Amino acid sequence: MMRKVGAFMLLALLTATSCQKADEAIIITPEDYHASVDIVTEVMIHDIFSPPVASRIYAYPNIAAYEILAFEDDSYNSLTSQLRDFESIPEPDIEENINFDLAALIAHMDLSRRLIFSEDKITTYRDSLYANWESTNKNEFVSSKKYGLQVAEHVAQWMDKDNYKQTRTMPKFTVNSDEPSRWQPTPPSYMDGIEPHWNKIRPFVIDSAAQFKPTPPPPFSMEEGSDFYKEVKEVYDISNEITAKGDKSEEVAIAQFWDCNPYVSVTRGHLMFATKKITPGAHWIGITKIASRKTDSDLAKTVYAYTKTSIAIADAFISCWDEKYRSSLIRPETLINEHIDDSWEPVLQTPPFPEYTSGHSVVSGAASVALTSIFGDNFSFDDDTEVPYGLPVRSFTSFYQAANEAAISRMYGGIHYRKAVEIGVKQGRDLGKFVVENLDLYNSKPATN
């Protein structure tokens, strides 16, 4: 009899413990969100998305997550009517037990999955989290999942109207070799110019792709003494000077650190393969993570930082690509090989699109303004973003300093002229300032009950 009573009491204790566990709240931390962003970056590297497309992949999932958190937290304002054509997300059912942090993370993962090719990688990651959350608190998980997916679908419908799908069927960029200033494909792969119609993508905040149209590059001329020839010769001279230093060259180290070319072709005899790395936007998303961690930002501020920065980056790519295919300027490698030194090679592999303005300069300028508006001036940080790709940590005293180094790295790498760098970073900073001034996200004086 005692054995049966003891067994009954043990069963009751286990049942009570199980029920107690089922009632535990599901806790979502900033690290959970960082991990979700990281898995997206990992998949994008695998799938080899171009820099402009990668910027789009970051922006929409962050917006969905941010909107859910802003609905609950009065410290943050909705993006409704602040982004082009963006309407309010559905309101949650107040009778349901919704964990808004959880719903935000689910929305982020669901939209990310829709935007990449290797869905299985995110699905596997997501399903492992789903199983854990369901075992912790099934009711809270089911309600939160339902709302997160509802918001994700709402954002997806808005996303599908940004002209991205239409640009997939537009004609390739036509190379006209009769114009000596016009961009031509570069070695070793001689790829077509990527995303020639990216200026047709709907912007997030800026009025149009051409709103921050930069001043044009110097008039094309390969006559010695002309402003343009001086730019070409400067790239050649700097390259020779810094490569002569060998392994001690700080300039080469800077170029390699900020390379961020997602597809570098490597030839070994008859074998050609690619090395994969992050895009320029992904590098700044990595810096966003570093800043969020250093400031011990809570989940809402972390998502806010990712969202504001990714929007600035996305609009920067739209603006930059508008100019790239307007001016369609030829790369230094083509002209140096033709007019100065046919055996010269740049430190970095020339990416497959026109030269002016420098994409990394524009994007870095915009991202640095967005991040400074969040974390402040003179924000020092150690950038370990490139460590997984075999490069050491570099330290910076501010986001602006990092952006300036990212910009000049393109000259050190031999892939851009000085004007593309200097005017590009100004183009990005002007655009970033516009985004910051026209996005009212953080409410320093939230309403009190």
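This is a predicted model: local features need pLDDT of at least 70, side-chain atom pairs count only at pLDDT 80 or more; totals for chains, interfaces and linings use all residues.
Visitor: How many helices and strands does the chain have?

Guide: The chain has 15 helices and four strands, where helices (H or I, at least four residues) and strands (E, at least two) are DSSP runs numbered from the N terminus.

Visitor: How do you know whether the radius of gyration agrees or disagrees with a compact globule?

Guide: The radius of gyration is taken over C-alpha atoms, and the globule rule is 2.2 Å times the number of residues to the power 0.38. For 449 residues a compact globule would have a value near 22 Å, and the chain has 25 Å, which agrees. Along its principal axes, the C-alpha trace spans about 105 × 45 × 45 Å.

Visitor: Why is the pair of F173 and Y325 given the name it has?

Guide: Rings of Phe, Tyr and Trp (its six-membered ring) pair if their centres lie within 6.5 Å, and planes under 30 degrees apart count as stacked, over 60 as edge-to-face and the rest as tilted. By this rule the count comes to 32 aromatic pairs. The ring centres of F173 and Y325 are 5.0 Å apart and their planes stand at 70°, so this pair is edge-to-face. F173 lies in the loop between α7 (164-167) and α8 (227-243), and Y325 lies in helix α11 (residues 299-327), so the pair ties together parts that are 152 residues apart in sequence.

Visitor: Are F173 and Y325 buried or exposed?

Guide: Both F173 and Y325 are buried, a word that means under 20% relative accessible area, with exposed over 50% and partly exposed in between (1.4 Å probe, protein chains only). Of the 449 residues of the chain, 56% count as buried.

Visitor: What makes the pair of F220 and F228 tilted?

Guide: The centres of F220 and F228 are 5.0 Å apart and the angle between their planes is 55°, which falls between the limits for stacked and edge-to-face, so the pair is tilted. F220 has a relative accessible area of 28%, so this residue is partly exposed, whereas F228, at 1%, counts as buried.

Visitor: Which residues form one aromatic cluster?

Guide: One cluster is formed by F257, W258, W284, F375, F379, F381, F396 and F399.

Visitor: How do you know that the charged end of K294 sits over the ring of F379?

Guide: A charge sits over a ring if NZ of Lys or CZ of Arg is within 6 Å of the ring centre and within 35 degrees of the ring normal. The charged end of K294 is 5.1 Å from the centre of the F379 ring, and the charged end of R56 sits over the ring of Y164, 4.0 Å from its centre.

Visitor: What makes a space a cavity, and how many cavities of 30 Å³ or more does the structure hold?

Guide: On a 1 Å grid over the protein atoms alone, a cavity is a set of points where a 1.4 Å probe fits but cannot get out, while a pocket is an open set with protein on both sides within 12 Å along at least five of seven lines, and lining residues have an atom within 4 Å of a point.

Visitor: What classes of residue are in the lining of the largest cavity?

Guide: The lining of the largest cavity divides into seven nonpolar, six polar and no charged residues, where Ala, Val, Leu, Ile, Met, Phe, Trp, Tyr, Cys and Pro count as nonpolar, Asp, Glu, Lys and Arg as charged, and the others, Gly among them, as polar.

Visitor: Which residues lie nearest the centre of the largest pocket?

Guide: They are P51, I194, P262, P352 and F353, out of the 25 residues that line the largest pocket. About 360 Å³ of space lies in this pocket, and its lining has 15 nonpolar, six polar and four charged residues. The largest share of that lining, three residues, comes from α11.

Technical notes:
Residues are numbered from 1 along each chain as its sequence is written. Side-chain values use heavy atoms; hydrogens and water are left out. Grid points are joined across faces, edges and corners, and a volume is the space filled by probe spheres set on the points.
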